[in-house]
Amino acid sequence: MIKRIFTFFIVFFLGISHAHALTTEMYTYERMKDQINSLAKTYQLELKTIGQSEFGRDLLAVKVGQGSNSILITGSHHGREWLTTHVIMNMIEQYASAYEKNQSLFGHNLNILDQISIWFVPMVNPDGVTIQQEGIKELPLLLQEIYVDMNKGNEDFSRWKANGLGVDLNRQYPAGWEQIEGNQRYASYSHYKGQKPLEAKETLALTTFTKQVRPLVSASYHTSGRMIYWYYFNEIEHLQRDHDLIEQIANKTGYEISYPPANAIGGGYTDWFIQTYKKPALTIELSYPVEETNPPLSDLEEEWKRNREIGLIMAKYAESEVLK
């Protein structure tokens, strides 16, 4: 009941109005939505609205390729991690353009997309991204007080990770949810796992979509630290298969592979994917380490160079290893 009342007042006062972008370069929700619609029209891409955020913003998925099997790449689970949306949008545009023209790209033959399509969800958490980028100054004072309280008294929202209701989306998935430690007890800018798994509209929408398309491999982009996480009690018979993919991606990006303890705590999307489908999934942390904020946009060029081939590498791997 409290959640419904809170959501009603947020929606009423905010009006789901599109916030003004801070710069023309940054991928706000509005710019992402406009650009993805434009790309879908230009390259005849399949575009789906897989759900809405807590405040009614569209959760968009777009497919590049014609393959009947697919992989899935997601970004911006966390508000302050919108640099991941930039990398994914670049993938969509460059992959789609090269595929349409039957050109190679970064040394890869795009014919792989005839067999393995790539689904992209560039912004899982548009409400959180908007709060982090825009702040709360346009909200009524009453709501501002609530958000400042969720932000531990801080009026600077550049560290905001959660969705619009203060739920940390990457602590919302059913795999190991009960065992999550270090959890906030109440809605917060970070680390509040919610009252139950898949309580947030965003995580429910993404898991529902995943069940529909059943990707062979999945990657979830985050920031920061230039790390790759890939293990969540993977089946013993799949360890070598999954690790081979991670080594390829680590070699291409230059990122460090994480080797977590045997009692790793879950709650993340890739944890759920590995547990549910017994197929490879990885969390890729872009950027040099930054403390509780977004990596600067100036970091994009470097991170794009490191990651521009990853979708194609995953697609080839899915065809050669997961399908065999």
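Mentor: Let us begin with a pair of side chains: E309 and H108 are joined by a polar contact of 2.7 Å. Please bear in mind throughout that this is a predicted model.

Trainee: Where is the place of E309, and which residues does E309 touch, not counting residues up to four places away in sequence?

Mentor: E309 sits in the loop between helix 10 (300-307) and helix 11 (310-322). Leaving aside residues up to four places away in sequence, E309 touches Y95, F106, H108 and K252.

Trainee: Does E309 count as buried or exposed?

Mentor: The threshold for buried is under 20% relative accessible area. E309 has 11% relative accessibility, and therefore counts as buried.

Trainee: How should I read the packing of two helices? At what angle do helix 2 and helix 3 pack?

Mentor: One reads the angle together with the separation of the axes. Helix 2 (residues 29-43) and helix 3 (residues 83-100) pack at an angle of about 10°, and their axes are 10 Å apart. The two helices are therefore roughly parallel to each other, since angles under 35 degrees count as such. On the side of helix 2 the contact is made by R31, M32, Q35, I36, L39, T42 and Y43, and on the side of helix 3 by T85, H86, M89, I92, E93, A96, S97 and E100. By class, the residues of this contact divide into seven nonpolar, five polar and three charged.

Trainee: How many salt bridges does the structure hold?

Mentor: The structure holds 13 salt bridges. In one of them, the side chains of K33 and D58 meet at 3.0 Å, N to O. K33 lies in helix 2 and D58 in strand 2 (residues 58-64), so this pair ties together parts that are 25 residues apart in sequence. K33 is partly exposed, with a relative accessible area of 23%, whereas D58 is buried, at 17%.

Trainee: Which parts does the pair of D127 and R57 tie together?

Mentor: The side chains of D127 and R57 meet in a salt bridge of 2.7 Å, N to O. D127 belongs to helix 5 (residues 126-134) and R57 to the loop between strand 1 (46-52) and strand 2, so the pair links parts that are 70 residues apart in sequence. Both D127 and R57 are buried.

Trainee: Which residues do salt bridges that share partners join into one network?

Mentor: The network consists of E46, K48 and K63. Within it, the closest N and O atoms of K48 and E46 are 4.0 Å apart. K48 is partly exposed, with a relative accessible area of 32%, and E46 also counts as partly exposed, at 34%.

Trainee: What should I expect of the backbone, and which peptide bond is cis?

Mentor: Most residues other than glycine have a negative phi, and most peptide bonds are trans. Here, the peptide bond from T223 to S224 is cis, with omega near 15°. S224 lies in the loop between strand 7 (218-223) and strand 8 (227-229).

Trainee: What is the phi of L198, and what is that of F233?

Mentor: L198 has a positive phi of about 60° although it is not a glycine; L198 is found in the loop between helix 6 (141-150) and helix 7 (201-213). F233, not a glycine either, has a positive phi of about 50°. F233 is located in the loop between strand 8 and helix 8 (239-253), and is partly exposed, with a relative accessible area of 40%.

Key: Residues are numbered from 1 along each chain as its sequence is written. This is a predicted model: local features need pLDDT of at least 70, side-chain atom pairs count only at pLDDT 80 or more; totals for chains, interfaces and linings use all residues. Side-chain values use heavy atoms; hydrogens and water are left out. Helices (H or I, at least four residues) and strands (E, at least two) are DSSP runs, numbered from the N terminus. Buried means under 20% relative accessible area, exposed over 50%, partly exposed in between (1.4 Å probe, protein chains only). A polar contact is a pair of N or O atoms within 3.5 Å; within protein, one must be able to donate a hydrogen and the other to accept it, and residues adjacent in sequence count only if both atoms are side-chain atoms. Contact means heavy atoms within 4.5 Å. Axes are lines fitted to C-alpha atoms, for helices over the stretch in contact, and angles run from 0 to 180 degrees between N-to-C directions. Angles under 35 degrees count as roughly parallel, over 145 as roughly antiparallel, 65 to 115 as roughly perpendicular and the rest as oblique. Ala, Val, Leu, Ile, Met, Phe, Trp, Tyr, Cys and Pro count as nonpolar, Asp, Glu, Lys and Arg as charged, and the others, Gly among them, as polar.
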